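Please review the ligand site and a helix terminus in the predicted model below. The briefing is grouped by topic.

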Amino acid sequence: MKIAVVGSGYVGLVTGACLADFGHEVVCIDKDQARIASLEKGGIPIYEPGLSELVNANIVSERLAFSIHLSGAVSRADVVFIAVGTPSRRGDGHADLSYVYAATREIAKALSGFTVVVTKSTVPVGTGDEVAHLIKAENPQADVAVVSNPEFLREGAAIEDFKRPDRIVIGLDDERAREVMTEVYRPLYLNQAPLLFTDRRTAELTKYAANAFLAMKITFINEVADLCEATGANVQDVARGIGLDNRIGAKFLHAGPGYGGSCFPKDTAAMVKIGQDFGSPMRLVETTVSINDQRKRSMARKIVAACGGDVRGRTIGVLGLTFKPNTDDMREAPSLDVIRGLQDRGAKIVAFDPQGMDAARGLTENVQFADSAYDVADGADAIVLITEWNEFRSLDLDRLKSAMHMPIFVDLRNVYRPHELRRHGFSYVSIGRPEQD
Ligand code: NAD
């Protein structure tokens, strides 16, 4: 099949490279000229494990190409994926659909022959109707089926998720599109990945429901962690105790500093807005959003308390900046709230992240960036572990401690065991676990 992917960010690039790897002929399009120029030379604009190899292998086999011009690739395509960003609109939390609609108008003008136009971007219920309407208005002759095919991949494991998904949700109301989409995903279908066909609105809502549910699950265990701290219980054991129940499941039960990233914050905010717009409030999601916002801010207070109540003039070392490991994505990362909160209280911040420092430079002020975890520790009055990169899981604790001015370790991901850190002479604070553990 001939496929055009409009938007070559985390989702578009992974989608394009994987579909090319399935044997389709793919052109990835982006309006960012520098991004396309770099991709054409084999450069990968984002950090995603395995992506560079996959992109380059498919360029060599001539199944994957890049362009800033949409019209040629779209006019030849059987399927056009829209994978542009849908950030939160300033002020009200609604998904900003301006990129989706701008791309739609451009696509409409270039369509030729029967084409399936697929929204892969996360979009509110009813957006597919508007996309179909815009295409008709822009190009009344166009023969299109508009499909919703939300993406569920996780950054950091995106290729594995795309190639071995739990399910593929496809919302449509045109039987011709069903055949085309089955063909697009045929290699996965043979691997037994369930293709779930629904109507378009159901597919659109399924994506928000999935993300909101996961955000609620994280928020639930975070509140349980607070209760553990108040009562002397251990949140990791509680999580294990409930997670072994198949009805609950063990995933997304790791207490931490609150969820961040490019999806959960904006998608929960958008779902709240959708509920309000349709007169069907999503009260659990509303509460989740507010608990999580407060939690991210409260982490700075927790660190200040661990430092004896005052951090003015002290140097706090931060390990990990990205919203989770194995990505360079800094969007809505909890580290940003923690750093701001500590700076507001007069602390000096030194930070290290294996992949996120370039992006973090543009999002923070007055942060000194270090070359390694030990560099961060040099002269620090406390260390805060915010993102659980593998390289922070097996630090040489004696070396770390001897570099520090004060041996205070705040572990916002429960990577270490309290008694282990105490044995190495640290004053150690973690999330929802008794100090004597
Ligand atoms: P991104 O910001 O990384 O990439 C979007 C790209 O689209 C940018 O490179 C931008 O230049 C390009 N673009 C915007 N308008 C364009 C146009 N008119 N023509 C061509 N290119 C255009 O975004 P992302 O993280 O890949 O997310 C894309 C969508 O997928 C969002 O709706 C998001 O919610 C959803 N999603 C993201 C993830 C994730 O983990 N990042 C997972 C599932 C779903």
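Asp32 caps the N-terminal end of helix α2 (residues 33-40), with a side-chain oxygen 3.2 Å from the backbone nitrogen of Ala34. Helices here are DSSP runs of H or I with at least four residues, numbered from the N terminus. Just after α2, Gly42 adopts a positive phi of about 90°.

This is a predicted model, in which local features need pLDDT of at least 70 and side-chain atom pairs count only at pLDDT 80 or more, while totals for chains, interfaces and linings use all residues. Residues are numbered from 1 along each chain as its sequence is written, and side-chain values use heavy atoms, with hydrogens and water left out.

- An oxygen atom of the ligand lies 2.6 Å from a polar side-chain atom of Asp30.
- For Thr86, a polar side-chain atom is 2.5 Å from an oxygen atom of the ligand.
- The side chain of Glu155 places an N or O atom 2.7 Å from a nitrogen atom of the ligand.
- The protein buries 90% of the 840 Å² that the ligand exposes when taken alone (Shrake-Rupley method, 1.4 Å probe).

**Composition of the shell**
- The ligand is surrounded by 24 residues (a heavy atom within 4 Å), the closest being Val11, Asp30, Thr86, Glu155 and Lys266.
- Helices α1 (10-21) and α5 (98-110) are the elements that give two or more residues to this shell.
- Domain 1 (2-198) and domain 2 (199-437) each supply at least three shell residues; the domain bounds come from an automatic or database assignment.

Note on methods:
Polar contact = N/O pair within 3.5 Å; in protein donor to acceptor, adjacent residues only side chain to side chain.
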